[in-house]
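Colleague: I am new to this structure and would be grateful for a guided reading of it. May we begin with the ligand and its surroundings?

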Amino acid sequence: MPDLAYLNGEIMPIDQARVPIEDRGYQFADGVYEYIASYEGRLFRLEAHLDRLEHGLRELGYAPIPRPHLRSAIAELFQRAGYARAGIYIQITRGVAPRNHAFATTLTPQIVMTVREIKAIPADLRDNGIQTITVRDLRWSRCDIKTTQLLANCLAKQKALASGYYDAIFVSDQDIVREGTSSNVFAVSNGRLTTHPLTPHILPGITRMAILEICGEIGLEFSESFFTRENLYAADEVFLSGTVTEVLPVIGVDDRIIANGGVGPITRQLYAALGAKALDRPDVR
Ligand code: PMP
């Protein structure tokens, strides 16, 4: 099965999809995106992803796109590809126009999607955890909008890899721990989880939300509050959350080893619970 693209209503092999060079997404990163995963042939939390996508469209003043239109386009692409463990990338840009910072409010948004099979994160990393570095958060102050402007995220990830780490964690000028380059961050101390509150400085992760739900269900205490890099160093457990990341243990931050360098029991429990939730409560077939 080839990996497929959807381009304004048409489905084709990815390498045949073309967009005009004056798409504002290409020239200005004037676009929003989503990434949705399936488990055993069922998409996880489709509606939550569409809520977040619509939040971005609204905040940036794009012409609204009816949800049924998006839903049926996603469903068709997903079904045509037929992957049990699919990753669907959806990108909506403001439209195509001669290059100019100002934009007409009448532009037609361009909808592009791709579907590929998700490559599993190596079992060794899942079992034994990852090493991370912290980097200054150089991003703009509307990180709640999932825009395609990911240059700071790309550079931070690259810096981590180039220095032998798996990922980077953004911290503010005041050393507040924000989020990963493509994940949210949780610290566990004395059996209680802490994660950054929902502010414009982080993306409201769908997985983050699912984890907090699980905490409520299994009686784990949590708090959505600010914590510092020092708090992270001193935590009993640290993990990242995200659609592909799921729950990924962090055993090192900068030159510090978290707790004893092993993967903690709460991280393991939440990874298992998230997997079970993804299989139990599908949004669409
Ligand atoms: N923060 C950032 C910056 C991300 O790119 C992602 C991945 N989409 C997340 C958090 C996690 O979000 P989600 O759980 O919805 O994948």
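Modeller: Please note that this is a predicted model. In it, an oxygen atom of the ligand lies 2.6 Å from an N or O atom in the side chain of Thr243.

Colleague: How much of the ligand does the protein bury?

Modeller: The reference is the ligand taken alone, which exposes 390 Å². Of that area, the protein buries 93%.

Colleague: What is the distance between an oxygen atom of the ligand and a polar backbone atom of Ile206?

Modeller: Ile206 is among the residues that come nearest to the ligand, as are Lys146, Glu179, Thr207 and Thr243. For Lys146, an N or O atom of the side chain is 2.6 Å from a nitrogen atom of the ligand. For Ile206, a polar backbone atom takes part, and its distance from a ligand oxygen atom is 2.8 Å.

Colleague: How many residues of the shell around the ligand are polar?

Modeller: There are 17 residues around the ligand. They divide into 3 nonpolar and 3 charged residues, while the polar ones number 11.

Colleague: Why does the pair of Tyr33 and Tyr89 tie together separate parts of the sequence?

Modeller: A search of the whole structure finds 3 aromatic pairs. One of them, Tyr33 with Tyr89, is tilted, at 5.6 Å centre to centre and 35 degrees between the planes. Because Tyr33 lies in strand β3 (residues 31-39) and Tyr89 in strand β5 (residues 86-93), the pair ties together parts that are 56 residues apart in sequence.

Terms used: Residues are numbered from 1 along each chain as its sequence is written. This is a predicted model: local features need pLDDT of at least 70, side-chain atom pairs count only at pLDDT 80 or more; totals for chains, interfaces and linings use all residues. Side-chain values use heavy atoms; hydrogens and water are left out. A residue is near a molecule or strand if one of its heavy atoms lies within 4 Å of it. A polar contact is a pair of N or O atoms within 3.5 Å; within protein, one must be able to donate a hydrogen and the other to accept it, and residues adjacent in sequence count only if both atoms are side-chain atoms. Accessible areas come from the Shrake-Rupley method with a 1.4 Å probe; for residues, only the protein chains shown count as cover. Ala, Val, Leu, Ile, Met, Phe, Trp, Tyr, Cys and Pro count as nonpolar, Asp, Glu, Lys and Arg as charged, and the others, Gly among them, as polar. Rings of Phe, Tyr and Trp (its six-membered ring) pair if their centres lie within 6.5 Å; planes under 30 degrees apart count as stacked, over 60 as edge-to-face and the rest as tilted. Helices (H or I, at least four residues) and strands (E, at least two) are DSSP runs, numbered from the N terminus.
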